[in-house]
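This briefing covers a ligand site, a set of aromatic rings and a few individual residues. The sequence and structure come first, and the notes follow.

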Amino acid sequence: MNNLNENSLEPVALFIAGKFVPSIDMETLSAFSPFDGSVIGQFYKAKANDVDLAVEAAYSAFYSGPWKKITPKEIGEALAEITTGLKKNMSQLIKTEILDAGSTQKKAREDVFLSIKCMNYYTEWASGRTTIEEIANLSRSGIQQNFIQHDPVGVCAAIIPWNFPLKMAVWKIAQALATGNTIVLKPSEETVLSAYKLAEIISQTSIPDGVVNIVAGIGNEAGEALVKHPKVDKISFTGSTDVGKKIMALASETLKNVTLECGGKSANIVLDDVEIDLAVDGAIYSMFYHSGQCCEAGTLLFLPEKFHDKFVEQLITKVKNFKVGDPSARETHIGPLISERQQKRVLGYIEKAKEHGATLVIGGGIPDDVDFSDGYFVEPTIFTEVTMDMAIAQEEIFGPVLCVLKYNDETDLLEKVNGTKFGLAGGIWSSNRDRAFELAKKIRTGTVWINDYHLIDEKAPFGGYKQSGIGREFGDAGASHFTEAKHIHWGEIENKERTIRMKTIVPS
Ligand code: NAD
């Protein structure tokens, strides 16, 4: 079956056990362009019986295929082949992300570059990895040796959202494979195309059939089937908090290892010792990157009273200079939102903000240019006079809507910053390193960037406090979620301490 052949009218096929196959009942869904709403392709829609085939494939590959005996060095070599494939297919991957996800050209390029960087990192990480290590000096005396073996968890199911389709797929596959697992990945039904391009790349490597399987389908069918499947050992989910909660409840039936990367309402804090021009650019970058469709976007901008008005004026000037439009055009800063549903959701929050008394200072609607009429655009929008009791300050909007708030002192600031149910990330802009560090320590989020934003690195943990998630991607913490720690104890034959201990129960 031909996958992603631009001249083919065939629907894009599921990737199961190393083969591209249609769904069992041959049902398809359409892929839409966020820029103009046109249909850009069809793909087969996996349901529970297709998911079952994919899980069985991942299960056999884990328990009885050659992957079972693979060494870390060989895993590194296998991941290197994916890295090479990603590099060879860069231009098509960039094109796909622009077309299918509405990513601007600059963002799509960055996503592909960062996907390659991530796969490359795990190539090296896996090659240099030790899966067994000795634990020194256990608290009991006696002649013994103790080890931890870091086993793969088994069959992992990864469920991902639409905002960074390729990057998320690569994150999940790289981490699962580097630790020796097999995987079934479910991309978002909004953005399936780059995941299947990745499947094509993987199908051309020496990675055994069934180690990676990709099944597109809708959340409450294919997604739930994965979450409930008894042969899935781990769920690695990235998406909204509401769906995360549902997944956690469903996965409890089979007590799966669950990690959740969920929503956010991140604060971007400007201290009064700041270099204002830098902080204005930082506020724009943190909020409007990918039209605000970033889980860790700096949606709550906290400004000190003393330069609030000047800062907002500068923000407005910059926002007026945004080029909103065709994501494939080099000069475009702001592209469309992913779907009509998302566009309506964001416009709904804008209306609520007005009702709740926030002041709209720029944007607030759909751009009136005729070119945009069929696409899912929302103007870059800024509200001032936002207070923490408003829905726009508490709920995730996931669109280009910046909420500006004032603060009086550090106590007031921290109460507000830590005053939502989320705890994903945040930023501080300051010229005073010590002061910013002290503040960062008090913020209840998984990441705080000082004088920067959106920097996620494979060596550093990324994830959320509170309702932003459970567990971490990346770093040692990330690897620990894809592995089981097995303790292996060796007791010497001659061992006085053990003899005495056993006497508590063993009759002489
Ligand atoms: P979503 O929760 O609607 O969907 C995410 C994925 O879950 C999709 O693949 C969807 O099909 C699937 N899904 C939906 N219902 C399901 C169910 N009942 N069972 C199993 N799977 C199900 O999220 P979205 O709209 O695609 O993406 C936006 C959300 O993702 C935002 O809330 C954003 O903050 C979050 N996100 C978080 C991170 C992070 O790292 N914390 C990163 C990116 C996006």
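Phe 288 and Phe 322 are both buried. They belong to a predicted model, and their rings form an edge-to-face pair, because the centres are 5.4 Å apart and the planes stand at 70°, over the 60 degrees that this class requires. The notes below start with this pair and then turn to the ligand and to selected backbone positions.

**Aromatic rings**

- Across the whole structure, a search finds 13 aromatic pairs.
- In the pair of Phe 288 and Phe 322, the ring centres lie 5.4 Å apart and the planes meet at 70°, so the geometry is edge-to-face.
- A cluster held together by ring pairs contains Tyr 121, Tyr 122, Trp 125, Trp 171 and Phe 474.

**Ligand contacts**

- The ligand has 28 residues around it, and those that come nearest are Ile 160, Glu 189, Ser 240, Cys 262 and Glu 396.
- At Ile 160, a polar backbone atom is 2.7 Å from an oxygen atom of the ligand.
- At Cys 262, a polar backbone atom is 2.7 Å from a nitrogen atom of the ligand.
- At Glu 396, an N or O atom of the side chain is 2.5 Å from an oxygen atom of the ligand.
- On its own the ligand has 850 Å² of accessible area, and the protein covers 92% of that area.

**Make-up of the ligand shell**

- Helix H7 (219-228), strand S10 (234-238) and helix H8 (241-251) are the elements that each give two or more residues to the shell around the ligand.
- Sorted by class, the shell holds 14 nonpolar, eight polar and six charged residues.
- Both domain 1 (14-261 + 474-487) and domain 2 (267-450) supply at least three residues to the shell.

- His 454 is not a glycine, yet its phi is positive, at about 60°.
- His 454 sits in the loop between strand S18 (449-450) and strand S19 (469-470).
- Is His 454 buried or exposed? His 454 has a relative accessible area of 15%, which is under 20%, so it counts as buried.
- Lys 466, also not a glycine, has a positive phi of about 45°.
- Lys 466 is found in the loop between S18 and S19.
- Lys 466 has a relative accessibility of 37% and therefore counts as partly exposed, a class that runs between 20% and 50%.

**Strand S7**

- Ile 159 is part of strand S7 (residues 155-159).
- With a relative accessible area of 7%, Ile 159 is buried.
- Between Ile 159 and Met 26 the separation is 133 residues in sequence and 22 Å in space, C-alpha to C-alpha.
- Ala 157 is in strand S7, and with a relative accessible area of 1% Ala 157 is buried.
- Ala 157 and Asp 209 are separated by 52 residues in sequence and by 16 Å in space, C-alpha to C-alpha.

Methods:
Residues are numbered from 1 along each chain as its sequence is written. This is a predicted model: local features need pLDDT of at least 70, side-chain atom pairs count only at pLDDT 80 or more; totals for chains, interfaces and linings use all residues. Side-chain values use heavy atoms; hydrogens and water are left out. A residue is near a molecule or strand if one of its heavy atoms lies within 4 Å of it. A polar contact is a pair of N or O atoms within 3.5 Å; within protein, one must be able to donate a hydrogen and the other to accept it, and residues adjacent in sequence count only if both atoms are side-chain atoms. Accessible areas come from the Shrake-Rupley method with a 1.4 Å probe; for residues, only the protein chains shown count as cover. Helices (H or I, at least four residues) and strands (E, at least two) are DSSP runs, numbered from the N terminus. Ala, Val, Leu, Ile, Met, Phe, Trp, Tyr, Cys and Pro count as nonpolar, Asp, Glu, Lys and Arg as charged, and the others, Gly among them, as polar. Domain bounds come from an automatic or database domain assignment. Rings of Phe, Tyr and Trp (its six-membered ring) pair if their centres lie within 6.5 Å; planes under 30 degrees apart count as stacked, over 60 as edge-to-face and the rest as tilted. Buried means under 20% relative accessible area, exposed over 50%, partly exposed in between (1.4 Å probe, protein chains only).
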